[in-house]
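This report walks through a two-chain model. Keep the structure open while you read.

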Amino acid sequence: MPESRDQTPLTPEELRVLARVSGLTIAEERVDAVLTELNNQLGFVTLVEELLAGEDAESDLAPFDPTWPATDEGVTA
Amino acid sequence: MSLVHDLATLTIQDAIRGLDIRAFSTVELVAATLARIEVTEPAIHAYVTVLEQQAREEAIAADRLRATERRTRPLLGIPLGVKDLFDVVGTQTLCNAPQRRNVPVATVDAPAVASLRRDGGIVVGKTVTQEYAAGVVSDPARNPWDTDRVPGGSSGGSAAAVAIGSALGALGSDTGGSIRTPAAVTGTVGLKPTYGRLSAKGVYPLAPGLDTVGPIARSVADAVILYLSLADRPAEIDRVPELLAPFGPEGLEGVRIGVLGGFFAENVQPDVLASFAEAVGVLRQLDAEIVETTWDEAAHARGIGALLNRIESGAIHYDHLRVEADLLRPDPRGRFEAGELLPAITYLRARRAREVARDRIATLFRDQRLDLVVAPTVAATAPRADDLRVEFPDGIEGIGTALTRFTMPWNATGQPVISVPSGADRDGMPIGIAFVGRPDDELGISRVAAQYERATQWFQTNASVSVE
């Protein structure tokens, strides 16, 4: 199993670097708010990796299909 | 009692019946709806645009066509609201976004709107949403049960209009809970169909991999009526009573329902938890087979839903972050910026994890032989509009997390969910229970929900007192 990614919260300086790479201007007074949101979202990455542990193939990038493998039917009306 | 007053409790089923037996005309029904909009809007602010003249003209036409077209147009003359995220011919799709103040009017109805019109529905107006549907506040719309509180979102205007009777039903869209959350906190019924089954074309996207359109209504039957129209199955609308028939003399004989604990029982407001326990008791009394269970991947699915939502919306709003970005309100702007900065590999891994989450919930259903599962729709009741924090036993949460924690997992898996009123908290604010089914089992979960609704009659309470 691969090592899990480092989920130490990003710093303001790292946010600025990311924004520069993306060509996005984030005003200084808004850095904290964006950083909080970004770190909140990055917190979910651990859950994603936990779920993928032991799973093999990557997604084939087809549109998501919610259909389940054929089993019995639901509560049909 | 006037028709305007009756609209506080009138359902689409009632209205179809009333029009059929000529208890009132479409002209009278639409006039009453417009009058109710006029009375309630100063307090509720559910609408961004009211299409008064057009609605009156369509009502006249509907009355004229009733004799010849009623059989093929089951919604003929029913006044409906449409979330201002959907294209409606002749109106701007503003999305509550100042950046869109100058967009041209739509020249084609979104397919969802076209379906309702094809079946005779009359669009009386466009309802308030959160800016670009990115949030659960829906300012300036207010909750009809207490106008100091939010109606949830992002289909908050649609839910508020239905709750107060200024529309008999309404269109919403749901990316992280935007149909179910407002339905739950306004005492209405919200149906999020299976992802990908109804066209979301002509609906301004938030996250296309999750966006789902669906109805908000006053009863389960009404939600199903609108769903059948949206699903291009109008011929089945007259059969709704039969489609929602009890499973046996008690109501739910032979139905096996998983009651979700674990993630869905953690950090929930006590009144919501109590309401849910009571609802499970009702399901038991209806002779359903109750299975206490947990879905171990629920938190994971919520995280997947959140990441896909943020990253896709970051891409959708790429230009909006670069041109007139200062017109964006701080919250959606921060969301879109953060979404844009999340790594591509995170998106790809979340997509793969979504498939795993889907397979795990399928396994839970199969292994425990469940027909459906139930959980509280949201963990809290509507917060105050001037204090967007929510108090839980484990502390304070922001409104966005508080009102979507329990809805988002089902966007990740794509399953159909119907939220039905299940009571009220100590302040009288509505609470909802979610019935979650297998993919494409919208009618199955609705049939179960209809038995619960009949047994409790929560839907017959109404919010009209607070503005009258």
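## Loops, helix packing and the chain interface

Pro140(B) lies in the loop between β3 (122-127) and α6 (156-164) of chain B. The model is a predicted one. A cis peptide bond links Asp139(B) to Pro140(B), with omega about 10 degrees. Ser154(B) also sits in the loop between β3 and α6 of chain B. The bond from Gly153(B) to Ser154(B) is cis, and its omega is near 10 degrees.

Another loop of chain B runs between α8 and α9 (240-243), and Asp232(B) is found there. Asp232(B) is not a glycine, yet its phi is positive, near 60 degrees.

**Packing inside chain B**

Helix α8 (residues 220-230) of chain B packs with helix α2 (residues 12-20) of chain B. Their axes come within 8 Å and cross at roughly 75 degrees. Angles of 65 to 115 degrees count as roughly perpendicular, so α2(B) is roughly perpendicular to α8(B). On the α2(B) side, the contact residues are Ile12(B), Gln13(B) and Ile16(B). On the α8(B) side, they are Ala221(B), Asp222(B), Ile225(B) and Leu226(B). By class, this contact has 5 nonpolar, 1 polar and 1 charged residues.

**The interface of chains A and B**

How many residues does each chain put into the contact? Chain A gives 43 residues and chain B gives 58 residues. The area buried between chain A and chain B is about 4400 Å². Carbon and sulfur atoms account for 63% of that area. Phe64(A), Trp68(A) and Val75(A) supply 20% of what chain A buries against chain B, more than any other three residues.

Charged pairs also span the interface. The rule finds 5 salt bridges between chain A and chain B. One salt bridge joins Arg30(A) to Glu337(B), with the closest N and O atoms 2.9 Å apart.

**Helix α2(A) against chain B**

Helix α2 (residues 31-52) of chain A meets helix α11 (residues 298-316) of chain B. The axes of these helices come within 8 Å and cross at roughly 130 degrees. α2(A) and α11(B) are therefore oblique to each other. Their crossing is left-handed. From α2(A), the contact residues include Glu37(A), Phe44(A), Val48(A) and Leu51(A). From α11(B), they include His300(B), Arg302(B), Ile304(B), Leu307(B) and Arg310(B). By class, the contact of α2(A) with α11(B) has 9 nonpolar, 3 polar and 4 charged residues.

α2(A) also packs with helix α12 (residues 330-341) of chain B, at an angle of about 55 degrees and with the axes 9 Å apart. That makes α2(A) oblique to α12(B). The crossing of α2(A) and α12(B) is right-handed. Val34(A), Glu37(A) and Leu38(A) come from α2(A). They meet Gly334(B), Arg335(B), Glu337(B), Ala338(B) and Leu341(B) in α12(B). By class, the contact of α2(A) with α12(B) has 4 nonpolar, 1 polar and 3 charged residues.

| Helix pair | Axes | Crossing angle |
|---|---|---|
| α2(B) and α8(B) | within 8 Å | roughly 75 degrees |
| α2(A) and α11(B) | within 8 Å | roughly 130 degrees |
| α2(A) and α12(B) | 9 Å apart | about 55 degrees |

Key. Residues numbered from 1 in each chain as written. Chains lettered and ligands numbered in written order. Predicted model: local features only at pLDDT ≥ 70, side-chain atom pairs only at ≥ 80, totals over all residues. Heavy atoms only, no water. Axes fitted to C-alpha atoms, helices over the stretch in contact; angles between N-to-C directions. Helix = DSSP H or I, 4+ residues; strand = E, 2+ residues; numbered from the N terminus. Parallel < 35°, antiparallel > 145°, perpendicular 65-115°, else oblique. Left-handed = near helix turned anticlockwise from the far one by under 90°. Contact = heavy atoms within 4.5 Å. Nonpolar A, V, L, I, M, F, W, Y, C, P; charged D, E, K, R; others polar. Buried area = accessible area lost by both parts, 1.4 Å probe. Salt bridge = Lys/Arg side-chain N within 4 Å of Asp/Glu carboxyl O.
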